[in-house]
Amino acid sequence: MKKFNRRDFLKAASATAAASVVAGCAQKNHTLPELPPAHGQSVMGLVVPKMPIVRVGFIGVGQRGYGHVKRMSHIEGTKIVAICDTHDAVLERSSYYLEEKGLEKPSLYTGTEHAYQQMLARDDIDIVIISTPWAWHAPMAIDTMNSGKHAFVEVPLALTVEEMWQIVDTAERTQKNCMMMENVNYGRDELMVLNMVRQGLFGELLHAEAAYIHELRWQMKEIDHKTGSWRTAWHAKRDGNLYPTHGLGPVSQYMNINRGDRFDYLTSMSSPALGRRAYAQREFSADHRRNQLDYIAGDMNTTMIKTVKGRSIMVQHDTTTPRPYSRHNLIQGTNGVFAGFPNRIALEKNGTKSYHAWDHEMGSWYEQYDHPLWLKMGEEAQRNGGHGGMDFLMFWRMIYCLRNGEPLDQDVYDGAAWSVISPLSAKSVADRSNAVDVPDFTRGAWKTAKPLGIVNI
């Protein structure tokens with residue numbers, strides 16, 4: 001056995017430490033990919049001329065879109081001009097609903113997948129609501145802005161990094177709004193937590209957790225129409241977070257993402273993909289098309305995001321396993337934490353209980369911190385429905401901003417940043433969970449952009 005030499009050991013230790021320092025410096029000085037050149041001016045905080053009446057067109061009214069037609073018809077200062085869908089039955093259903101309310105019958109467009117372009121050729125439409133299968137979001141949003149109209153798109157905004165950049169470039173070139181309609185940002189709890197964060201209740205923010213945990217295997221039985229007819233196939237196309245924005249949108253607004261901080265990089269991993277295959281084998285015949293798919297999306301995907309300021313965000317996706325619904329909605333700061341599903345809070349200072357135990361009694365917190373927007377419109381939002389009122393409130397707020405010349409609460413950069421987590425998570429999963437850079441869609445504007453404030457109506 002070689003005799004232990006203390007001097008040699010210390011030399012080796014010093015060399016290892018030096019190498020670690022160099023590695024750490026290399027990590028800190030990591031060079032981000034060069035940003036593509038801008039093709040227009042930033043639309044951060046974009047304000048467009050006031051619209052006394054907001055003239056609306058709809059593309060896609062099968063499920064979400066039909067609810068959107070109903071809720072939009074209840075908002076003062078709007079006129080539904082035209083509706084497009086490839087399925088005549090749902091097209092007529094929306095038209096019939098409006099006529100039954102005594103409203104003018106909208107023009108209807110159908111026949112081909114590109115019939116929407118005929119609708120976009122009109123010059124009497126201001127905004128277009130896009131509620132179609134995911135693959136159509138990007139081309140329809142781009143066509144809408146190029147036609148001189150503002151685009152409002154269901155989640156996710158797009159499916160690839162390239163599509164996100166194309167949408168951002170088009171918005172900047174045309175100076176049109178392109179808002180991804182993340183309705184969860186308008187839930188009562190999410191609005192209250194935003195208000196609490198802005199008032200400094202949790203101290204300096206450190207960490208957040210977001211999720212879309214929602215058992216949806218039953219959608220696999222929607223074969224020719226409805227969401228499952230096209231959404232099921234994505235479980236055989238992408239192994240990553242297929243639907244990140246519902247949980248991520250609110251916590252991003254708490255943390256001022258794209259408005260003082262931004263996503264820097266992420267790492268992602270997936271569990272085995274077992275549940276969809278087992279469900280298909282149990283519920284369908286062996287030769288059914290659902291049993292011909294190779295389900296590769298892990299039943300649970302967990303993605304960790306690091307921000308430029310060093311904060312961490314955990315985002316999870318699971319629409320397969322049998323478990324209760326959750327979006328997590330957790331925000332942790334130096335003074336305490338709020339978490340959802342069920343709602344609970346623990347604070348070191350100004351709490352009603354010790355921070356060693358959760359406070360589940362939300363009544364006093366609602367009384368003190370309910371968001372002004374919810375205080376004004378919450379009852380009407382609940383009357384008009386849509387996920388507890390959040391859908392209606394989102395539309396009401398969109399129309400309010402357009403009619404009053406105010407910037408929207410969400411912009412194209414938010415939609416791109418929240419949606420791009422899906423393709424980037426898949427890239428990380430495929431690369432043994434190695435880190436992947438998140439593009440800066442704002443091209444540096446996040447450094448000086450103002451945080452989303454507390455809206456006082």
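**View 1. Strands β1 and β2 pair in the parallel sense over six bridges.** The model is predicted; local features need pLDDT of at least 70 and side-chain atom pairs count only at pLDDT 80 or more, while totals for chains, interfaces and linings use all residues. Residues are numbered from 1 along each chain as its sequence is written, and side-chain values use heavy atoms, with hydrogens and water left out. Helices (H or I, at least four residues) and strands (E, at least two) are DSSP runs, numbered from the N terminus. Two strands count as paired if DSSP finds at least two bridges between them. Val56 has Ile80 in β2 as its bridge partner. β1 is also joined to β4, by four bridges, and these two strands run parallel; here the bridge partner of Gly57 is Val128 in β4. Five of the six residues of β1 are buried, so the strand is largely enclosed by the rest of the structure. Buried means under 20% relative accessible area, exposed over 50%, and partly exposed in between (1.4 Å probe, protein chains only).

**View 2. Helix α2 belongs to a right-handed β-α-β unit with β1 and β2.** A crossover is right-handed if, with the strands pointing away from the viewer, the path from the first strand over the helix to the second runs clockwise. Helix α2 spans residues 64–72 and is largely enclosed by the rest of the structure, because seven of its nine residues are buried. These are Gly65, Tyr66, Gly67, His68, Val69, Arg71 and Met72. They pack against β1 (54–59), β2 (78–84), α3 (88–100), β4 (127–130), α12 (372–384) and α13 (390–404), with contact meaning heavy atoms within 4.5 Å.

**View 3. Eight strands form an open sheet with mixed pairing.** The strand order is β13-β12-β11-β7-β10-β9-β8-β14. β13 (344–347) and β14 (436–437) stand at the edges with a single partner strand each, so one side of each is left without a neighbour in the sheet. Within the sheet, β9 (residues 301–307) and β10 (residues 312–318) run antiparallel and are joined by six bridges. Met304 stands opposite Met314 in β10.

**View 4. Helix α15 (residues 421–430) is largely enclosed by the rest of the structure, because eight of its 10 residues are buried.** The buried residues are Ile421, Ser422, Pro423, Leu424, Ser425, Ala426, Ser428 and Val429. Their cover includes α6 (161–174), α9 (245–254), β8 (263–270), β9, α14 (412–419) and β14. Just after α15, Arg432 takes a positive phi of about 55°.
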